Amino acid sequence: MPLIQVDLDRGLYDSSSEAIGSAIHDAQIEALGIPADDRFQVFRPHDSGELKFDAGYNGVDRRTLLLIQVTAVHMYPVAVKRKFFETLVAKLAPLGIRSEDVLISLVENGFEDWYAGK
């Protein structure tokens with residue numbers, strides 16, 4: 001049960017949050033093999049100036065920031081996580097979201113760290 005938290009500009013949230021949520025979920029199904037009914041997402045839209053980032057960090061030309069934080073049980077090999085990242089940015093591209101503007105952080109913990117209703 002990955003938990004997705006998305007920080008983004010309010011304008012992008014207003015125009016594309018449903019499509020972004022679907023792209024994230026579809027990438028999880030495709031790359032991580034999660035069940036289709038395993039969708040837990042929290043969107044946090046921000047007003048102008050609330051998202052602070054270095055536009056040129058690591059030689060990347062960022063214009064804005066779409067921050068996607070994934071918390072998941074430690075069970076995915078590195079190759080699977082990289083496939084997820086690549087799949088996700090590919091699914092965001094048709095929405096006009098540049099890969100340079102996406103930052104994904106996948107944090108892992110154990111099964112004992114979760115409670116999901118039972």
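Here are some friendly questions and answers about the predicted model shown above.

Me: What should I know before reading the residue numbers and values?

Reply: Residues are numbered from 1 along each chain as its sequence is written, and side-chain values use heavy atoms, with hydrogens and water left out. This is a predicted model, where local features need pLDDT of at least 70, side-chain atom pairs count only at pLDDT 80 or more, and totals for chains, interfaces and linings use all residues.

Me: How many bridges join strand β1 to strand β2, and do they run parallel or antiparallel?

Reply: Helices (H or I, at least four residues) and strands (E, at least two) are DSSP runs, numbered from the N terminus. Two strands pair if DSSP finds at least two bridges between them. For β1 (residues 3-9) and β2 (residues 41-46), the direction is parallel and the number of bridges is six.

Me: Which hand does the unit made by β1, α1 and β2 have?

Reply: Picture the strands pointing away from you: a crossover is right-handed if the path from the first strand over the helix to the second runs clockwise. Helix α1 covers residues 10-32. With β1 and β2 it makes a β-α-β unit that is right-handed.

Me: Which residue in β3 stands opposite Ile4?

Reply: β1 also pairs with β3, in the antiparallel sense and over five bridges. Opposite Ile4, the residue in β3 is Val70.

Me: How many of the seven residues of β1 are buried?

Reply: Buried means under 20% relative accessible area, exposed over 50%, and partly exposed in between (1.4 Å probe, protein chains only). β1 is mostly covered, and its buried residues number five.

Me: Where do the buried residues of α2 fall around the helix?

Reply: The buried residues of α2 are Lys81, Phe84, Thr87, Leu88 and Leu92. Seen down the axis, they fall within an arc of 130° (taken from the directions from the helix axis to the C-beta atoms), so they line one face of the helix.

Me: What do the buried residues of α2 pack against?

Reply: The face turned away from the buried side of α2 carries the exposed residues Ala79, Arg82 and Glu86. On the buried side, the residues pack against α1, β3 (66-73) and β4 (102-109).

Me: Which residue has its backbone oxygen 3.0 Å from a polar atom of the side chain of Arg98?

Reply: Arg98 is found in the loop between α2 and β4. Leaving aside neighbours within four places in sequence, Arg98 is in contact (heavy atoms within 4.5 Å) with Asp61, Arg62 and Arg63. The backbone oxygen at 3.0 Å belongs to Asp61.

Me: Is Asn58 buried or exposed?

Reply: Asn58 lies in the loop between β2 and β3. Asn58 has a positive phi of about 60° although it is not a glycine. Its relative accessibility is 65%, so Asn58 counts as exposed.

Me: How far apart in space are Ala90 and Ala27?

Reply: Ala90 lies in helix α2, and at 48% relative accessibility it counts as partly exposed. Ala90 and Ala27 are 63 residues apart in sequence, while their C-alpha to C-alpha distance is 9.0 Å.

Methods. A polar contact is a pair of N or O atoms within 3.5 Å; within protein, one must be able to donate a hydrogen and the other to accept it, and residues adjacent in sequence count only if both atoms are side-chain atoms.
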